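Keep the 3D view open as you read.

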Amino acid sequence: MNNDKHIYTIFGASGDLTRRKLIPALYSLYVQNLLPDKFIILGAARSPLSNEDFRNIMKESILNSNEIHDKSSAEEFLKHLYYIGLQYDNPNDYIQLKEYLEKLRSKFDIPGNTIFYLSTPPSLYKVIPVHLAAVGLNETDDGWKRLIIEKPFGFDLQSAIELKDLLLKDWKEEQIYRIDHYLGKETVQNVLVTRFSNGIFEPLWNRNYIHHIEVTAAENIGIENRGGYYDSIGALRDMIQNHLLQVVGLISMEPPSSLEPLSIRNEILKVFQSLRPLRREEVAKYAVRGQYISSVINNETVKGYREEKNIKPDSKTETFAAIKFYIDNWRWGGVPFYIRTGKRLPTRVTEVVIHFKPTPHFLFTRKNIQEACNKLILRIQPDEGMLLEIGIKTPGAGFEVQNIDLDFRYSELAHQRIPGAYERLLHDTIRGDNTLFARTGEVIEAWKFLTPILEEWSNNPNVPLYGYPAGTWGPKEADNLFDDENQTWHFPCRNLTNSNLYCEL
Ligand code: BG6
């Protein structure tokens, strides 16, 4: 690991992600003295901007960011920013880029260590790395070179394999960092700590004691201004192929032999390799899709998906997806996993719910399986924390049982700030730690697993696409994924609570 002097090059520097996430994250690292004493951030994009223009735009982004509290070093930080305009497909522009990098290096006494962050449309993942390699900017004789790629890595299995092959011609696997910002979330990493630092959970963490596992990532926003991107992608590719399957990987992996990146990533890969393949004819039983339709929320009419900007009026893109699947290995044989995600649901929440099996004999009266299972809720956002639901005796005559919550909230940890996901991941790209980045094999396995669903949904006109009113929990048909008619999805609120008495949406 290192924290070497380097140049952090961002392609797509005039775009939204750079402004909203990347520059605020790098600034935050700077304020905490987590960047080396010598570094340059070089923005690269098509717009013809001067260094001054670029600095001014990024200054705004820092000042407007509500993730940053100490803005007093903004001017100092901005002096490290430079900009170069280029056409991504013009080979000559990469010669100029190389010359500019060399000029900056000699001026500021920085060795060849360089990061290339592709914050660009995915079509450019096939273009920029090839051009960089053509001018030798992948070579490591004068310092390390790292390529950071945003999701989606490919559009389906075939395109992901092609992209992998193309990149691996010029770049080594360890030079490629595939960002999955969910892995940068503190609470997602806490899954590993919960499991492997507490002697009480691990013995129970298997098919003998766990009934089923749920992962929900709900958003109350719609697709905002991303119609052009989203309509060709949909919820399965946007959230499940990457973020949610990565969370499943951490929940279900075997204990790694060490905290070395390779041992953790090996274990996650094994989980992905054990996902039970679906046949196309089974898709209807294991996957449900939905699309939000117009409704009235808090007296305001909210548009349906098909009325949003840049969406085809007859679009069949799913804004909600729920799937049930199994991990066929020794630990998880027979335990169903249920995952769901959607836009325009009632609230923004991501959580994992581990439902433990009920006691083998009901000594006390319990209503149904849902209530009889102890639950461990790992709350990823918001109101980050954990909650364990257990039964206690209701005071008074007889043996009435009621469920109560033992909970912990990160907000209770005084003076401990939760760093943003990009902050953590960008720091790791500088330190050369790729533990929290998706590896080629994982991405390919994830695509392989989802291929039958993707094919069935796009090619079979008989697969229903259920409409759900904006602001509701998606189509009720998603409940049919459960075998037991008494089972339903856990009902998550904005706040970490399992009680129906207090739930903020
Ligand atoms: C992105 C998706 O990767 O994750 C978005 O493209 C989604 O559609 C976002 O809104 C959710 O991230 P978070 O951190 O807000 O849960």
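A crossover counts as right-handed if, with the strands pointing away from the viewer, the path from the first strand over the helix to the second runs clockwise. Hold on to that rule for the opening stretch of this predicted model. Here β1, helix α1 (residues 16-31) and β2 make a right-handed β-α-β unit.

Look at β1 itself. Strand β1 covers residues 6-11. Is it mostly covered or mostly open? It is mostly covered, with six of its six residues buried. Buried here means under 20% relative accessible area. The burial holds on both faces. His6, Tyr8 and Ile10 lie on one side, and Ile7, Thr9 and Phe11 on the other.

Now turn to the neighbours of β1. Strand β2 spans residues 39-45 and pairs with β1 in the parallel sense, over six bridges. Within that pairing, Thr9 stands opposite Leu42 of β2. Strand β4 also joins β1, through five bridges, and these two strands run parallel. Ile10 has Tyr117 of β4 as its bridge partner. Phe11 stands opposite Leu118, also in β4.

Stay with β4, residues 114-118. Five of its five residues are buried, so the strand is largely enclosed by the rest of the structure.

Which strand does β4 join through five bridges, besides β1? It is β5, residues 145-149, and the pair runs parallel. Ile115 has Arg146 as its bridge partner in β5. To get from β4 to β5, the chain crosses through helix α5 (residues 128-134). This β-α-β crossover is right-handed, and so is the unit made by β1, α1 and β2.

What does the record say about this region? UniProt, in an unreviewed entry, places the feature "domain: Glucose-6-phosphate dehydrogenase NAD-binding" at residues 10-190. In the model, that span is 44% helix and 15% strand. Its end C-alpha atoms lie 29 Å apart.

Rolling a probe the size of a water molecule over the atoms shows where empty space is left. How many cavities of 30 Å³ or more does the structure hold? There are three.

The largest cavity holds about 140 Å³ of space. It is lined by 16 residues, and the closest to its centre are Asp180, Gln241, Asn242, Ala438 and Val443. Helices contribute here: α9 (234-252) and α14 (440-459) each supply at least two residues of the lining. By type, the lining divides into eight nonpolar, three polar and five charged residues.

The second largest cavity has a volume of about 40 Å³. Its lining includes Thr187, Asn190, Val191 and Thr194, along with Leu378, Arg379, Ile380, Gly385 and Met386. Which of them gives the most? It is α7, with four residues. The lining of this second cavity divides into four nonpolar, four polar and one charged.

Notes
Residues numbered from 1 in each chain as written. Predicted model: local features only at pLDDT ≥ 70, side-chain atom pairs only at ≥ 80, totals over all residues. Heavy atoms only, no water. Buried < 20%, exposed > 50% of the residue type's maximum accessible area, 1.4 Å probe, protein only. Pairing = 2+ DSSP bridges. 1 Å grid on protein atoms, 1.4 Å probe; cavity = no way out; pocket = protein on both sides within 12 Å on 5 of 7 lines; lining within 4 Å. Points joined across faces, edges and corners; volume = space filled by probe spheres on them. Nonpolar A, V, L, I, M, F, W, Y, C, P; charged D, E, K, R; others polar. UniProt positions renumbered as here; feature names shortened; annotations may be inferred.
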